[in-house]
Amino acid sequence: MTWASVPSFVLAEATKVGVDEKLGQRVPVDATFYDEEGNSVALESLLGKTTILTLVYFECPGICTPLLNNLKETLERVDLEPGKDFQVLTISFDPKDKPALAAQKRLNYLKQIQARRPFPAEAWRFLTGSTNSIAAVTEAVGFGYQQVGADFNHPGALIVLGPDGRVRRYLQGTSFMPFDLKMAVIEATKGNSMPTVNRVLSFCFSYDPEGRKYVFATLKVAGVATLAVLGCFVFFLVLTSRKRRPQDSN
């Protein structure tokens with residue numbers, strides 16, 4: 001399925017917020033976006049090396065900024081050469097975001113990271129695009145989100161693509177260890193796909209549209225904990241009743 005065949009209403013009807021891992025799936029290389037100068041570029045022209053893909057929106061009041069900040073701090077410490085071993089591609093999934101804001105974001109992060117280590121400008125790109133192009137990419141990588149007023153309910157994750165543009169690894173959450181990111185890049189470069197083990201964040205946190213922030217889903221976690229305790233209690237009762245039966249028969 002090409003990006004042009006994705007219906008424009010796919011974003012409005014998306015109801016499953018989270019990450020549906022699609023290891024081995026190739027991103028639509030014919031999808032076109034706008035670079036920081038407003039030029040139309042196809043994804044195919046930007047790939048070719050291992051890529052750390054981030055899907056955010058630039059006016060996000062919640063986890064997008066912490067995610068990018070933590071990624072920047074991790075990249076300052078990771079023992080890999082940007083532009084050679086990997087590159088970073090940040091795509092806004094809000095079609096209202098424009099190239100001027102993308103350029104501002106890029107300049108801000110490059111200035112910070114270049115103060116700590118050599119980091120070529122072409123190693124971190126910020127793109128904006130149309131609804132169809134955005135939908136094509138988010139669908140291909142299994143990034144589910146939903147618009148809530150002017151904001152979006154969405155997960156936080158890094159998606160590592162191999163040089164062939166196929167999904168090889170997910171790092172879910174908003175903070176990352178340099179070793180984990182390094183191994184994800186190395187494995188993706190080799191063409192190896194590895195499923196994610198830790199998926200706690202996407203389950204435990206939800207978006208509060210009134211407070212315009214992500215909050216801990218207390219009821220959801222408490223419900224699971226209650227069921228777990230109840231299950232243990234039932235198991236204990238069954239086990240205890242079985243031990244008492246031989247005594248009762250005597």
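Are W124 and F126 buried or exposed? Both W124 and F126 are buried. The model is predicted. An open sheet of 5 strands, a largely enclosed helix α4 and a cavity of about 40 Å³ are covered below.

**Aromatic residues**
- The count of aromatic pairs comes to 13.
- One of these pairs joins W124 and F126, and it is stacked. The ring centres lie 5.5 Å apart, with 20° between the planes.
- W124 and F126 also belong to an aromatic cluster.

**The open sheet**
- Five strands run in the order β6-β5-β4-β10-β11, with mixed pairing.
- β6 (124–127) and β11 (167–172) are the edge strands, and each pairs on one side only.
- On average, neighbouring strands of this sheet are turned by 20° against each other, direction ignored.
- Strands of a sheet pair through backbone hydrogen bonds, either parallel or antiparallel.
- β4 (residues 51–56) and β5 (residues 87–92) pair in the parallel sense. Their pairing covers 6 bridges.
- L53 stands opposite L89 in β5.

**The cavity**
- Rolling a probe the size of a water molecule over the atoms shows where empty space is left.
- The structure holds 1 cavity of 30 Å³ or more. The volume of the largest cavity is about 40 Å³.
- Its lining consists of V27, L43, L53, L89, I91, V137 and L161.
- That lining divides into 7 nonpolar residues, with no polar and no charged ones.
- L53 and L89, which stand opposite each other, are both among the lining residues.
- V137 of the lining is one of the buried residues of α4.

**Helix α4**
- Helix α4 covers residues 131–141. Of its 11 residues, 8 are buried, so the helix is largely enclosed by the rest of the structure.
- The buried residues are S133, I134, A135, A136, V137, T138, A140 and V141.
- An α-helix has 3.6 residues a turn, so residues three or four places apart point the same way.
- G142 follows α4. The phi of G142 is positive, near 75°.

**The loop at E37**
- E37 sits in the loop between β2 (32–34) and β3 (40–42).
- Why does E37 count as exposed? Its relative accessibility is 56%, and exposed means over 50%.
- E37 and L127 are 90 residues apart along the chain. Their C-alpha atoms are separated by 9.6 Å.

How values were computed:
Residues numbered from 1 in each chain as written. Predicted model: local features only at pLDDT ≥ 70, side-chain atom pairs only at ≥ 80, totals over all residues. Heavy atoms only, no water. Buried < 20%, exposed > 50% of the residue type's maximum accessible area, 1.4 Å probe, protein only. Helix = DSSP H or I, 4+ residues; strand = E, 2+ residues; numbered from the N terminus. Phe/Tyr/Trp six-rings, centres within 6.5 Å; stacked < 30°, edge-to-face > 60°. 1 Å grid on protein atoms, 1.4 Å probe; cavity = no way out; pocket = protein on both sides within 12 Å on 5 of 7 lines; lining within 4 Å. Points joined across faces, edges and corners; volume = space filled by probe spheres on them. Nonpolar A, V, L, I, M, F, W, Y, C, P; charged D, E, K, R; others polar. Pairing = 2+ DSSP bridges. Axes fitted to C-alpha atoms, helices over the stretch in contact; angles between N-to-C directions.
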